[in-house]
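Welcome! Please take a look at the protein shown here, and then let us walk through its architecture together.

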Amino acid sequence: MPMKKPMMSITAVLLLAASSLPLAALARADSCEVSLNYDVRVAPQEVVFSDKGQEQYRIENDQLYIEGQPVNLSSQQQDLVRQYANEITTQVPQAIELVDDAVSLAFQTLSHVVTPLLGDKASKQFDEQMAGLKNHMGNLAYQQGDQFYLGATAASIQNTFNQEFEQQVEELMQQAIGTIIMNIGEQMVLEDSEHFDTKMQGFSEKMATVSQVIEQDLEAQSKTLEVKAQELCGRFNTLRALELRLRQQVPALAPYTLTSHTLNAARE
């Protein structure tokens, strides 16, 4: 029964690396209880809030438009709109950078663990497929020139992490595990039984420590991400307070809630 232990160890390592996305840094930021209800696009002099591709409202050159129609504002209201737009313009690029850093770290970790077990040809193919998945995930938060896009609605998230994406991930992991098992099988054929058992015992011991190495590596590298996440969470709470003031002072904007308090929403 020498094959069981290596197979279980490999599977555990792959699952750990895949499930230990440094985006957990955001989840560990307990004070981060704000979620966004609209997708947000930031461009020079313009911030657009949309849902399922339909613009809900926008701020352009300090002018507020709701469903395409300009809203008359007092000087005090316009100052508040300007503050709100500036805060969004600052936070969205920071959020995109954090997501990109977290996803990059996750894929680097997974690649670092898996590719040495695949062989040169399979490793190259694995990295190419991983790059394709990373690019697909990038559709949810990205920078294009001087414009920034952050997909935050359920529709945007579901459109990115759809059934096709899940199938691609599943196929990639199955291929990787299959290749590793084939490599082990080849070694069984090439090595005599006694030599192979010794080699597999060493391999099993090595794989048993890999998960611990991954955890340590992730913990060390994700500390910076956690600090960034905490800072961003604090600014999100500032944004929420600013938005509440804006919606109170501009009644036409009251039905359009960008930020929600996650815990309150769950309790309701």
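## How to read the model

This is a predicted model, where local features need pLDDT of at least 70, side-chain atom pairs count only at pLDDT 80 or more, and totals for chains, interfaces and linings use all residues. Residues are numbered from 1 along each chain as its sequence is written, and side-chain values use heavy atoms, with hydrogens and water left out.

## The whole chain

The protein chain holds eight helices and nine strands. Here helices (H or I, at least four residues) and strands (E, at least two) are DSSP runs, numbered from the N terminus. The chain has 268 residues, and 40% of them count as buried. Buried means under 20% relative accessible area, exposed means over 50%, and partly exposed lies in between (1.4 Å probe, protein chains only).

The accessible surface of the protein chain is about 15100 Å², and carbon and sulfur atoms make up 51% of it. Such areas come from the Shrake-Rupley method with a 1.4 Å probe, and for residues only the protein chains shown count as cover. Now for contacts, meaning heavy atoms within 4.5 Å. Of the contacts with a separation of 6 or more, 69% are between residues 24 or more positions apart.

## The sheet

In what order do the seven strands of the open sheet stand? The order is β6-β5-β4-β3-β2-β8-β7, with antiparallel pairing. Two strands pair if DSSP finds at least two bridges between them. β6 (69-70) and β7 (141-144) stand at the edges with a single partner strand each, so one side of each has no neighbour in the sheet.

Let us follow some of the pairs. Strand β2 (residues 39-43) is joined to β3 by five bridges and runs antiparallel to it; V40 stands opposite F49 in β3. β4 and β5 are joined by four bridges, again antiparallel, and E60 stands opposite Q63 in β5. These two strands form a hairpin with two residues between them, and N61 in the turn has a positive phi of about 50°. β5 and β6 also pair in the antiparallel sense, over two bridges, with P70 in β6 as the bridge partner of Y65. They too form a hairpin with two residues between them, where E67 in the turn has a positive phi of about 50°.

## The nonpolar cores

A nonpolar core is a set of buried Ala, Val, Leu, Ile, Met, Phe, Trp, Tyr and Cys residues joined through side-chain atoms within 4.5 Å. The largest one has 37 residues, and those with the most contacts inside it are F49, Y57, Y84, I88 and L258. The elements giving two or more residues to this core are β2, β3, β4 (54-60), β5 (63-66), α3, β8 (147-150) and α7 (193-249). Helix α3 gives the most, with eleven residues.

I88 touches several residues beyond four places away in sequence, including V40, F49, L239 and L258. A second, separate core has twelve residues, among them V103, M137, L172 and A176.

## Aromatic rings

How many aromatic pairs does a search of the whole structure find? There are five. Rings of Phe, Tyr and Trp (its six-membered ring) pair if their centres lie within 6.5 Å; planes under 30 degrees apart count as stacked, over 60 as edge-to-face and the rest as tilted. The rings of F49 and Y84 are stacked, because their centres are 6.0 Å apart and their planes meet at 20°. F49 lies in strand β3 (residues 46-51) and Y84 in helix α3 (residues 75-114), so this pair ties together parts that are 35 residues apart in sequence. F49 is buried at 0% relative accessibility, and Y84 is buried at 1%.

The rings of Y142 and Y149 have centres 5.3 Å apart and planes at 35°, so that pair is tilted. Y142 is partly exposed, at 34%. One aromatic cluster consists of Y38, F49, Y57, Y84 and Y256.

S35 belongs to strand β1 (residues 34-36) and is partly exposed, at 29%. Its C-alpha atom is 8.7 Å from that of F236, although S35 and F236 are 201 residues apart along the chain.

Q94 lies in helix α3 and is partly exposed, at 33%. Q94 and E231 are 137 residues apart in sequence, with their C-alpha atoms 9.9 Å apart in space.
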